[in-house]
Amino acid sequence: MATLLRAALRPLRPPPGHRGPAAGKWRRREGGLGRPAPLTAALFFFFSFFLSFFFFFLPVDVLLRGARHGAGQLYPEHIPTSLLQKVLLAAGSAGMALYDPYRHDMVAVLGETTGLHALKVLRDQMKRDPEGAQILQERPRILLSTLDLDKLHSLPEGSLGQEYLRFLDVNRVSPDTRAPTRFVDDEELAYVIQRYREVHDMLHTLLGMPTNMLGEIVVKWFEAVQTGLPMCILGALFGPIRLHTQGLQVLVSELIPWAVQNGRRAPCVFNLYYERRWEQPLRALREELGITDPPMLVRALA
Amino acid sequence: MAAPRSCALWSYCGRRWSRLMRCCELPGLRSSWPGGPLGARQLSQEKQATETHFGFETVSEEEKGGKVYHVFESVAKKYDVMNDMMSLGIHRIWKDLLLWKMRPFPGTQLLDVAGGTGDIAFRFLNYVRAQHKGKQKRQLRAQQNLSWEEIAKKYQNEEDPLGGSQVVVCDINKEMLKIGKQKAHARGYKAGLAWVLGDAEELPFDDDKFDVYTIAFGIRNVTHIDQALQEAHRVLKPGGRFLCLEFSQVNNPLISRLYDLYSFQVIPVLGEVIAGDWKSYQYLVESIRQFPPQEEFKEMIEDAGFEKVTYESLTSGIVAIHSGFKL
């Protein structure tokens, strides 16, 4: 009887003698800020799930509406989601984005699920401006297929087109790696957030920031002031958690005040029809927007 | 094999029609079922015979295989992590229960179909190894008058810690098999394990080869379930056992509502956050709803020629283990 019980219990334990370096999920990985154990991430997620049960003062119908009857696909790639799903997605993607900063898709999902109000404000701002209204009407996309690379190469040195190409080369990024919008339940707002993502690279060029962690945080601060998107605000506030103290010092003392100043001074950067301004010299564009040169330190990194 | 095949197809269509009338949440198909006189109904059934379900979508049968392959190809890397997250680790208990029901002994030949990442196979090997060790100990204790040299020789002569058992893991998806092989290598499983790429509807094995055939959480992804069951009947030895662990219908209405809420609201979100793939996990929960309930699946197993078919619902019907014998 005892052997039967032992034999029955044995499948629940790993076989003896398995102590190789590949085994053991509790082994901490070397280098950099250690990641929290998967257990913490799981606890974070399930805590937010159970917390959302306190939303039950909202009728369950409101929580679940949108995913069952009626809410069809408004645009290709659209996935209709209920309020509960949006809450869970927002919490989960925020946690995952902090846990693994390389998950850019999580940052995108966070932006889509939390940005409804800010996107509406941004869209209205764009509608009021003539150039912005044109963008909303014509819906241009910045993709490798729509960019005329030869023409951009042939532009004079110092123009927006040239600087943008240089930025793509130096940082080894491509405009095609942006994920399509999925969780925004309005077709025009889905385009607005897509445009925001494509203009993000333009902002890197305008501000002269590289795509490392520091540069991204600076651009996030600028965007947070300009758009008020919760994802930008959260990224601006929590992004520095993953920086080392040296970068943090530079960030707080020089870069953030500069980014915030410029963000408040500049008009809405999403009203610019960048596709028609490739020939414009970058310096002139910066003057038009009131963007001063970045502090010397970060330019050395770019 | 034309006659039994068309019979199976016919009965499959009939069951699908009755299932459709039960779950009215398929707007696309409702219009094509006029439910008029018998002649009209049979005609439309024939036309729909080449179409099947992929979650709540309707696709052609040729398409379904490819789409399912694509789903598992993209989830393979995070398959085990997602299983733990989605079921809160309970899937381990379900798989353990399947093994305890199986009660393999040293010498059993197991075929684990759709066993991609090897969970059932590893548990089987552990179980058989433990059984074998227990048998050895009992033998030693029975022979009380052995000298030390004889005991040492007995241990040294031991070549097969599994006592002749073997498990063949068969899966249609290369990625899942790859992950399974990596896991086996990491955990040190070598002896008695074989990995075969094959289709459950057309197994690459001879007749009457295996003692036990298991399929855990795989049969609902097969395009023609009846063909898979017939293949299972073919490759089993007379006296062999068929075991299927699969998601099924929940019998308790309150738990059913909570389960639906969890399935449709939380699981795709988990899939998106952890694996970056919403659509695969949406397919997963929809395919669970499309699978026949316990009694119906039991009848399908009986149709394939198995006898003494029983089922046991676990966790109030979230999963069920169906068992049948080839006699």
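Q: Where does E216(A) lie in chain A?
A: In this predicted model, you'll find E216(A) in helix 11, which runs over residues 213-227 of chain A.

Q: Why is E216(A) called partly exposed?
A: Its relative accessibility is 24%. Buried means under 20% and exposed means over 50%, with partly exposed in between, so E216(A) counts as partly exposed.

Q: What makes H204(A) count as buried?
A: Look at the value: H204(A) has 1% relative accessibility. The cut-off for buried is under 20%, so H204(A) counts as buried. As for its place in the chain, H204(A) sits in helix 10, residues 187-207 of chain A.

Q: Which residues does H204(A) touch, leaving out those up to four places away in sequence?
A: Its contacts are F167(A), M209(A), P210(A), T211(A), G215(A), E216(A) and V219(A).

Q: What joins the side chains of E216(A) and H200(A)?
A: That's a polar contact of 3.1 Å. A pair of N or O atoms has to be within 3.5 Å, with one able to donate a hydrogen and the other able to accept it, and the pair between E216(A) and H200(A) is listed as such a contact.

Q: Which residues does the UniProt annotation "binding site" cover?
A: According to the unreviewed UniProt entry, the annotation covers H200(A), D201(A), H204(A) and E216(A). They're spread over 17 residues of sequence, yet they cluster in space, with a largest C-alpha distance of 10.2 Å.

Q: Which residues meet where helix 5 and helix 12 of chain A come together?
A: From helix 5 of chain A there are V107(A), L110(A), G111(A) and T114(A), and they meet P230(A), M231(A) and L234(A) from helix 12 of chain A. By class, this contact has five nonpolar, two polar and no charged residues.

Q: Why is H322(B) called buried?
A: H322(B) has a relative accessible area of 2%, and buried means under 20%, so H322(B) is buried. This residue is found in strand 9 (residues 319-325) of chain B. A polar atom of the H322(B) side chain lies 3.0 Å from the backbone oxygen of Q294(B).

Q: What is the phi of R139(A), and where does this residue lie?
A: R139(A) has a positive phi of about 55 degrees, although it's not a glycine. Most residues other than glycine have a negative phi. R139(A) lies in the loop between helix 7 (130-138) and helix 8 (149-154) of chain A.

Terms used:
Residues numbered from 1 in each chain as written. Chains lettered and ligands numbered in written order. Predicted model: local features only at pLDDT ≥ 70, side-chain atom pairs only at ≥ 80, totals over all residues. Heavy atoms only, no water. UniProt positions renumbered as here; feature names shortened; annotations may be inferred. Helix = DSSP H or I, 4+ residues; strand = E, 2+ residues; numbered from the N terminus. Buried < 20%, exposed > 50% of the residue type's maximum accessible area, 1.4 Å probe, protein only. Contact = heavy atoms within 4.5 Å. Nonpolar A, V, L, I, M, F, W, Y, C, P; charged D, E, K, R; others polar.
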